[in-house]
Amino acid sequence: MATSELTSIRSQKVKAARRLAKRAFRDRDRAFLAEGPQAVREALRLPGVTIELFATADAGSRHPEIMADAAAAGVPVHLASGEVMAELAQTVTPQGVLAVCRLLHVPLTEAVRSDARLVAVLAHVRDPGNAGTVLRTADAAGADAVVFTDASVDPYNGKCVRASAGSLFHLPVVTGEPFARAVARLRESGLRVLAADGAGERTLDDVDLSGPTAWVFGNEAWGLPEEILAEADEVVRVPIYGGAESLNLATAAAVCLYASARAQREK
């Protein structure tokens with residue numbers, strides 16, 4: 001049930017939610033912000049994840065199903081003025097609805113199980129928009145999990161959450177794992193570890209992708225460091241048939257993940 005409208009950006013509720021834009025407070029409070037109707041809708045589908053909801057009156061009218069789902073789940077709803085929503089939102093044009101959610105921490109051993117067939121690993125990925133898009137693509141390709149190593153961006157960064165378009169709430173996401181520990185777990189679970197990098201001697205066209213596979217994707221600007229390439233079972237590049245110098249991270253990840261998904265389904 002909605003409370004009276006919040007109109008002051010100095011409200012303690014507003015301040016407590018707004019500080020979650022910073023990673024230090026997300027880590028301390030074990031919470032993050034999910035902005036926009038798509039993300040909020042997916043968050044509400046997971047029992048116990050949504051802590052509270054902020055919505056403008058207009059957004060509540062446009063998305064009655066979100067308000068109904070929040071009420072059914074017993075999630076407190078705070079009506080917010082346009083000024084308050086602008087303070088909370090991390091976008092230029094807020095969509096009028098925002099949720100405070102509990103961190104979706106999944107241990108590596110639970111996320112990567114012996115029956116896993118496809119896993120995406122983000123190593124040294126710093127751009128939150130790219131990271132969120134890779135997460136969304138992994139979800140669409142039917143991946144079993146996504147692993148963010150300790151050198152990568154926080155998946156609960158607001159831009160990453162938005163770029164995932166709700167996929168953050170669909171599959172296990174592991175955060176803060178050292179790369180060596182992640183690789184060890186992947187191999188224990190029977191996955192072959194392939195590093196996607198332009199330095200690969202073989203291309204996607206040359207590699208059998210029908211078996212359980214973990215794809216490792218690196219930094220947007222300089223790819224994967226040598227020590228990570230050395231840990232992979234094989235370094236594979238996406239073939240370039242035209243004149244483009246390279247593909248960006250999110251596009252290359254989409255090509256690799258879907259190549260694996262297709263090969264596994266054909267098998």
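Buried means under 20% relative accessible area, exposed over 50%, and partly exposed in between, using a 1.4 Å probe on protein chains only. The model here is predicted, so to speak: local features need pLDDT of at least 70, side-chain atom pairs count only at pLDDT 80 or more, and totals for chains, interfaces and linings use all residues. Residues are numbered from 1 along each chain as its sequence is written, and side-chain values use heavy atoms, leaving out hydrogens and water.

**Exercise 1.** Work out why Cys-160 is in no disulfide (a pair of cysteine sulfur atoms within 2.5 Å).

*Solution.*
- Start with the whole structure: a search turns up zero disulfides.
- Next, find the closest cysteine sulfur to that of Cys-160: it belongs to Cys-101, 14 Å away, which is too far for a bond.
- Then check burial: Cys-160 has 0% relative accessibility, so it counts as buried.
- Now try Cys-256: its nearest cysteine sulfur, in Cys-160, is 19 Å away, and Cys-256 is in no disulfide either. Cys-256 is buried too, at 1% relative accessible area.

**Exercise 2.** Find which residues are closest to the centre of the largest pocket, then sort its lining by class.

*Solution.*
- Pockets are open sets of 1 Å grid points over the protein atoms alone, where a 1.4 Å probe fits, with protein on both sides within 12 Å along at least five of seven lines; lining residues have an atom within 4 Å of a point.
- Take the volume: about 480 Å³.
- Look to the centre: of 22 lining residues, the closest are Asp-197, Gly-198, Ser-246, Leu-247 and Ala-252.
- Sort the lining: 11 nonpolar, seven polar and four charged residues.

Notes
A disulfide is a pair of cysteine sulfur atoms within 2.5 Å. Grid points are joined across faces, edges and corners, and a volume is the space filled by probe spheres set on the points. Ala, Val, Leu, Ile, Met, Phe, Trp, Tyr, Cys and Pro count as nonpolar, Asp, Glu, Lys and Arg as charged, and the others, Gly among them, as polar.
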